[in-house]
Amino acid sequence: MATKKINKVGRGLDSVLGDFDITSVMRPADVTTSINEISLDQIDVNPFQPRKEFSEEALEELAQSIRQQGVITPITVRQMPDNRYQLIAGERRFRASKRAGLTEIPAYVRIATDGQMMEMALVENIQRENLNAMEIAFSYEALITECKLTHEQLSEKVGKDRSTITNYLRLLSLPAETQLALSNGTISMAHARALVNIEDSEKHVELLRQIIDRQLSVRQTEQLIKEAKTEQKPKLVARTAETLPEVHAVAKSQLKQYLQSEVEIKRSRRGKGTVTIHFNSDTDFDRLMKLLKK
């Protein structure tokens with residue numbers, strides 16, 4: 001069945017609500033005082049939910065559990081005309097119950113308009129802990145545009161101050177490559193907030209790639225962007241190597257080859273300096289420590 005999509009929000013309501021007990025956030029009048037056993041054939045999936053993939057292995061595991069113990073947590077639906085129901089939360093349980101051979105499923109029945117349903121789902125979306133910064137930003141935008149909320153009303157609903165909401169909404173102006181890096185965890189929210197001040201898209205992407213390739217910290221990123229904004233050439237490791245005396249340059253090359261890791265040597269005119277060894281993970285750190293102890 002074709003489904004509508006909420007603009008820019010690429011998460012379905014079941015992804016939003018998961019196995020969360022939605023009755024805990026409803027007003028008493030929104031839900032029946034008892035759990036109804038509803039025929040699975042009477043339930044339709046949510047039209048606001050984009051079609052998305054479900055893990056076959058996870059569904060089979062849940063179906064096996066349902067065969068043995070039944071559906072422990074009821075799904076949540078809303079009443080529709082012609083004795084039909086529409087899923088609000090629990091699509092995994094709904095699908096797994098069909099796979100397990102059930103004909104009925106326990107369900108809380110809620111009365112809700114399309115707008116209320118969308119607003120509830122989006123607010124719950126934002127309150128879940130496993131969302132990345134871009135998903136939160138898209139959810140904020142959807143609440144403002146689809147549910148016609150002001151920034152002040154949104155602030156009250158999600159329990160965040162207006163400056164926090166503004167910072168998330170600013171992420172929507174980032175180039176697609178930066179949004180993707182933020183979504184998959186390649187950069188952090190703090191990195192993105194620093195980059196948002198670079199309006200030139202080509203320069204922005206160039207700096208993004210430097211941050212990723214050089215694995216810069218937030219402080220280093222802020223310094224890099226400060227230099228870029230004052231039209232100074234960002235400092236590169238290669239520039240340091242050019243000013244090193246030959247003995248130091250040779251030592252750097254030998255260290256890099258021995259450790260199989262990036263090495264930086266900085267030396268002042270007075271002969272003082274530092275040796276920096278880069279590592280990519282805790283495992284890589286342990287490897288380097290063993291080599292250095294030899």
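Colleague: At what angle do the axes of helix 2 and helix 3 cross?
Modeller: This is a predicted model, in which local features need pLDDT of at least 70 and side-chain atom pairs count only at pLDDT 80 or more, while totals for chains, interfaces and linings use all residues. Residues are numbered from 1 along each chain as its sequence is written, and side-chain values use heavy atoms, with hydrogens and water left out. Helices (DSSP runs of H or I, at least four residues) and strands (E, at least two) are numbered from the N terminus, and axes are lines fitted to C-alpha atoms, for helices over the stretch in contact, with angles from 0 to 180 degrees between N-to-C directions. The axes of helix 2 (residues 56-69) and helix 3 come within 8 Å, and they cross at roughly 70°.

Colleague: Is helix 2 roughly parallel or roughly perpendicular to helix 3?
Modeller: Angles under 35 degrees count as roughly parallel, over 145 as roughly antiparallel, 65 to 115 as roughly perpendicular and the rest as oblique. The crossing is at roughly 70°, so helix 2 is, relative to helix 3, roughly perpendicular.

Colleague: How many charged residues are in the contact of helix 2 with helix 3?
Modeller: Contact means heavy atoms within 4.5 Å; among the residues making this one are Glu56, Glu60 and Arg67 of helix 2 and Arg92, Arg93, Arg95 and Arg99 of helix 3. Asp, Glu, Lys and Arg count as charged, Ala, Val, Leu, Ile, Met, Phe, Trp, Tyr, Cys and Pro as nonpolar, and the others, Gly among them, as polar. By class there are six nonpolar residues and one polar, and the charged ones number seven.

Colleague: In which order do the five strands of the open sheet lie?
Modeller: Two strands pair if DSSP finds at least two bridges between them. The pairing in this sheet is mixed, and the order is 1-5-3-4-2.

Colleague: Which are the edge strands?
Modeller: An edge strand here pairs on one side only. That holds for strand 1 (36-39) and strand 2 (43-44).

Colleague: What angle does the direction of helix 3 make with that of strand 4?
Modeller: Helix 3 (residues 91-99) packs on the sheet and touches strand 2, strand 3, strand 4 and strand 5 (104-110). Its direction and that of strand 4 make an angle of about 125°.

Colleague: Is helix 5 oblique or roughly perpendicular to helix 6?
Modeller: The axes of helix 5 (residues 133-146) and helix 6 (residues 151-158) come within 10 Å and cross at roughly 125°. The relation of helix 5 to helix 6 is therefore oblique.

Colleague: Which residues of helix 8 does helix 5 meet?
Modeller: Helix 5 and helix 8 (residues 176-183) pack at about 115°, their axes 7 Å apart. From helix 5 come Ala133, Met134 and Phe138, and they meet Gln179, Leu182 and Ser183.

Colleague: How far apart are the end C-alpha atoms of helix 13?
Modeller: The expected span of a helix is 1.5 Å times one less than its number of residues. For the 14 residues of helix 13 (residues 246-259) that should be 20 Å, which agrees with the distance between the end C-alpha atoms, 20 Å.

Colleague: Which residue takes a positive phi in the hairpin of strand 6 and strand 7?
Modeller: Strand 6 (residues 263-267) pairs with strand 7 (residues 273-277) in the antiparallel sense over five bridges, with Ile265 opposite Val275. Five residues lie between the strands, and the one with a positive phi, near 95°, is Gly271.
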